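Have the structure open and try each task before reading on.

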Amino acid sequence: MPSTTRSPHAPLHADVRLLGELLGATLREQEGTELYETVEHVRALAKDARAGLVAREELTRALRALSVHDALTVARAFAHFLGLANIAEQHHRIRRRRDYLRAPDHGPQRGSLAESFPRLLKAGVSPEALRAAVESLHVELVITAHPTEVVRRTVRRTQRRIADFLSERDRADLTPGEREELTRALAAEVTTLWLTNEVRREAPTPFEEVKWGLVSFEQTLWDAVPRSLRAIDRALHDATGRGLPLDAAPLRFGTWIGGDRDGNPNVTPLVTGQAVMLARWMAADLYRQEIEALRDELSMHRANDDLRAAVGDAPEPYRALLKPVIARLLAMRERMTNLLELKADYTPDQNDYADANALAEPLRLCYRSLHETGAGRVADGRLLDILRRLPSLGLSLAPLDLRQEASRHTDALDAITRAAAVGSYAEWDESARQAFLHAELSGGSRVIADTVATKARFTPEVDDVLDTLRTAATLPRDALGAYVISMAAHPSDVLAVRALQEGAGLTPPLRVVPLFETVDDLQRAAEVVDALLSLPWYRERVGSTMEVMIGYSDSAKDGGRLAAAWELYAAQERLVAVAMQHDVRLTLFHGRGGSVGRGGGPTHLAIQSQPPGSINGTIRVTEQGEMVDAKFGLPAIADRTLEVYTTATLEASLLSSATVPDAWRSRMQTLADTSRAHFRDIVYETPEFIDYFRTATPEPELGRLRTGSRPARRRSGGGVNSLRAIPWVFAWTQTRLLLASWLGVGAALDEALAAGHATELRAMYEGWPFFRSTLDLIEMVVAKASPEITAIYDEALVPEPLRSIGVALREDLARTKRVLLQVTGHAHLLEENPVLRRSIDVRNPYVDPINLVQAEVLSRLREEGADPALFEAFLSTVNGVAAGMRNTG
């Protein structure tokens with residue numbers, strides 16, 4: 001970047017200062033000077049407490065002296081400041097990206113197309129190989145409705161307007177009057193934020209979640225996709241002399257919203273049908289708007305012979321050709337509207353465009369004619385963007401995956417075989433199940449199809465499985481993606497879904513994707529896939545490709561983050577080897593969450609640290625909850641997200657990786673085993689741990705959050721096993737112990753260091769991207785943790801006999817910090833990331849008071865019962881802590 005005496009982060013500091021001043025003015029105006037001064041006093045105490053200038057007890061006493069109303073107002077003030085700081089930081093990312101783009105002589109941004117493509121060529125990748133890799137690239141981002149988005153969409157819209165005004169203020173040609181007007185507009189938005197209830201009154205329905213998922217496409221991705229493809233086209237042309245083919249679709253999307261029924265009884269067959277129809281409604285409307293604008297632009301009269309043959313002697317041939325296209329899209333949109341309003345089943349209509357190719361046909365004709373008549377520049381504008389969208393977004397924007405737990409399919413087949421009097425599928429062993437399914441799939445038996453055809457009713461759970469497949473069979477095939485099987489453990493789990501689809505008339509059937517989630521299932525994943533691909537009749541059906549999903553959340557909850565990271569890495573290696581053995585191209589579907597405890601982390605780092613061969617030009621990744629807005633909420637951020645996915649996937653596919661020494665692998669296995677044993681000893685084998693967890697954290701209260709339609713538990717009762725990974729991580733994030741992301745790491749590294757392996761661990765950190773990225777992410781989590789805050793929760797909420805557990809966990813965290821610094825060689829946490837270190841240090845004094853208020857509110861809630869006002873106060877503190885931590889679950 002250009003050298004300057006001014007800090008590159010000075011504009012960020014100015015934005016944060018301005019927003020803080022506007023928030024302070026709003027507080028004085030809306031709540032009075034006295035309360036504003038209370039907020040300032042608490043802020044000063046919190047800063048002094050962090051700096052060690054006053055005892056933290058003084059801050060605690062000041063907050064406890066406030067009424068519930070005043071304490072909540074103070075917490076809301078800090079929460080809003082943190083939310084505003086987040087907006088400023090996101091905007092600064094955009095500003096810095098534009099700085100890079102404006103100053104190419106000083107080097108392109110790391111991970112950008114301009115930086116990555118030349119580096120790949122310099123590393124020995126031929127232009128032909130680069131072009132082939134880009135043309136065949138398949139990056140698919142799958143949006144899910146996981147309930148980690150605690151911010152209301154109403155609030156998000158206000159936050160986006162604030163971001164837009166900050167962007168406007170960056171203009172160098174603003175007049176003083178215009179700058180003053182923008183400041184007034186910002187003040188109005190900050191006031192709106194303060195006066196808006198940030199807490200959801202009701203949980204969203206699955207259909208409302210579908211709408212939320214589509215907002216990202218309407219507001220940002222619709223334009224980000226063609227922008228990104230234009231950028232790839234330019235970069236590829238600069239690097240190889242040829243651009244991106246017209247029909248290439250390196251970037252695609254999928255969705256689980258409305259199709260993921262694993263543990264969520266609210267996602268019904270009706271919801272699945274509505275999700276597809278709403279997506280087609282939006283796609284039809286977006287294409288209609290674009291083509292209407294295109295028709296307005298194409299006023300020229302010259303046309304090639306093919307276009308003339310289609311429209312005759314029309315004076316404006318392009319407009320004549322596009323008029324019925326617009327009418328069909330409008331009719332398609334209105335038909336979807338009627339079906340949705342009536343809550344009717346989807347029915348095909350010959351006037352609808354059957355698929356993206358049907359809509360592309362007249363557009364391609366326009367494109368060829370414009371190029372052949374000297375108007376290529378016109379063709380390569382809006383028209384090219386529409387043609388680029390079609391392979392990437394299709395007529396549904398994002399094909400809908402279906403997901404259900406393996407045991408539910410077993411129950412459905414058991415009901416069918418019992419009804420047909422051929423036995424109990426649930427009681428058969430694996431070989432008997434495979435034999436039955438083989439007979440069904442090969443046509444030797446029609447037990448499933450005949451029973452499904454009778455539309456016999458069984459239990460509500462079985463009926464839901466069968467009705468879902470019947471509904472899917474009526475939907476447009478291009479609107480559906482994969483059928484994902486949660487908790488897959490045996491070959492028959494995959495064969496069962498294939499057989500049920502064919503029995504329900506779902507043809508061609510959706511590709512079946514087993515999801516391996518627990519550590520034990522990950523260890524058996526390659527064995528299961530090998531057994532499947534060894535069945536000739538199954539291999540014939542899947543052809544030369546197969547997709548396997550690996551789950552980051554449940555594996556980490558099962559064995560801790562370090563053990564899960566290694567088991568995921570090793571499972572991928574084994575799966576890649578099996579796929580190569582069977583000459584099958586494997587796509588790995590990564591079920592990652594936003595937090596480190598659920599597999600999250602920087603995209604480029606995560607992809608680059610995957611095992612060699614696991615990303616062979618194709619990858620699917622979930623984008624969950626709050627991360628959807630974080631990565632796609634603003635246009636420039638969406639552009640950068642798509643760019644990084646593109647370059648990281650290409651680099652992982654094209655660059656060779658050094659062989660990992662066997663000694664390092666052996667050491668890593670020992671670390672994983674030790675870490676998992678320690679994690680499970682505390683979480684699963686310590687009898688009092690569950691009681692401690694439920695008293696020391698807000699886990700019981702989080703179950704009442706109205707953030708999503710899915711229940712927090714797969715089943716009622718039980719311990720950590722029955723708890724979903726999201727509330728498990730969410731609860732520890734709120735108390736800032738972040739235990740889910742580091743527990744077990746300290747024990748494993750400490751044991752290795754004590755045994756004299758410091759030099760080896762240091763070499764692994766320096767020379768193995770996987771090991772380095774894993775420790776760097778854990779280091780980041782440990783830097784964010786605040787054991788002193790956790791101790792306050794223990795004091796306020798935990799019975800005396802259980803407090804020793806909290807003490808031991810905080811000692812474990814201190815040990816983890818110590819050994820991480822020894823292995824990484826850092827003098828202090830985040831030594832190599834000073835920007836993040838400063839961000840955490842600046843945020844801590846603002847998050848601390850919110851935590852203290854939350855601990856007090858939880859104490860009163862548990863003493864006084866379900867007081868609605870107290871619970872509303874608790875929900876506000878949840879939002880505040882999440883804003884401060886930049887994360888929920």
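**Exercise 1. Find the ring under the charged end of Arg 328.**

Solution. Start at Arg 328: its charged end sits over the ring of Tyr 353, 3.9 Å from the ring centre. To count as over a ring, NZ of Lys or CZ of Arg must be within 6 Å of the ring centre and within 35 degrees of the ring normal. Next, look at Arg 28, whose charged end sits over the ring of Tyr 36, 4.6 Å from its centre.

A word on the model: it is predicted, so local features need pLDDT of at least 70 and side-chain atom pairs count only at pLDDT 80 or more, while totals for chains, interfaces and linings use all residues. Residues are numbered from 1 along each chain as its sequence is written, and side-chain values use heavy atoms, leaving out hydrogens and water.

**Exercise 2. Describe the pair formed by Phe 871 and Phe 874.**

Solution. A pair of aromatic rings is described by the distance of the centres and the angle of the planes. Rings of Phe, Tyr and Trp (its six-membered ring) pair if their centres lie within 6.5 Å; planes under 30 degrees apart are stacked, over 60 edge-to-face, and the rest tilted. In all, the structure holds 23 aromatic pairs. For Phe 871 and Phe 874, the centres are 5.7 Å apart with 40 degrees between the planes, a tilted pair. Then place them: both belong to helix α37 (residues 868-885), and because they are three residues apart, about one helical turn separates them. Helices here are DSSP runs (H or I, at least four residues), numbered from the N terminus. Finally, check burial (under 20% relative accessible area, 1.4 Å probe, protein chains only): Phe 871 is buried at 4%, and Phe 874 is buried at 0%.

**Exercise 3. Which residues does Arg 56 touch, leaving out those up to four places away in sequence?**

Solution. First locate Arg 56 in helix α3 (residues 56-64). With a relative accessible area of 15%, Arg 56 is buried. Now list its contacts (heavy atoms within 4.5 Å): they are Ala 49, Arg 50, Glu 788, Ile 789, Ile 792 and Asp 848. Last, pick out Asp 848, whose side chain is joined to that of Arg 56 by a polar contact of 3.4 Å. Such a contact is a pair of N or O atoms within 3.5 Å; within protein, one must be able to donate a hydrogen and the other to accept it, and residues adjacent in sequence count only if both atoms are side-chain atoms.

Notes. Helix = DSSP H or I, 4+ residues; strand = E, 2+ residues; numbered from the N terminus. Buried < 20%, exposed > 50% of the residue type's maximum accessible area, 1.4 Å probe, protein only.
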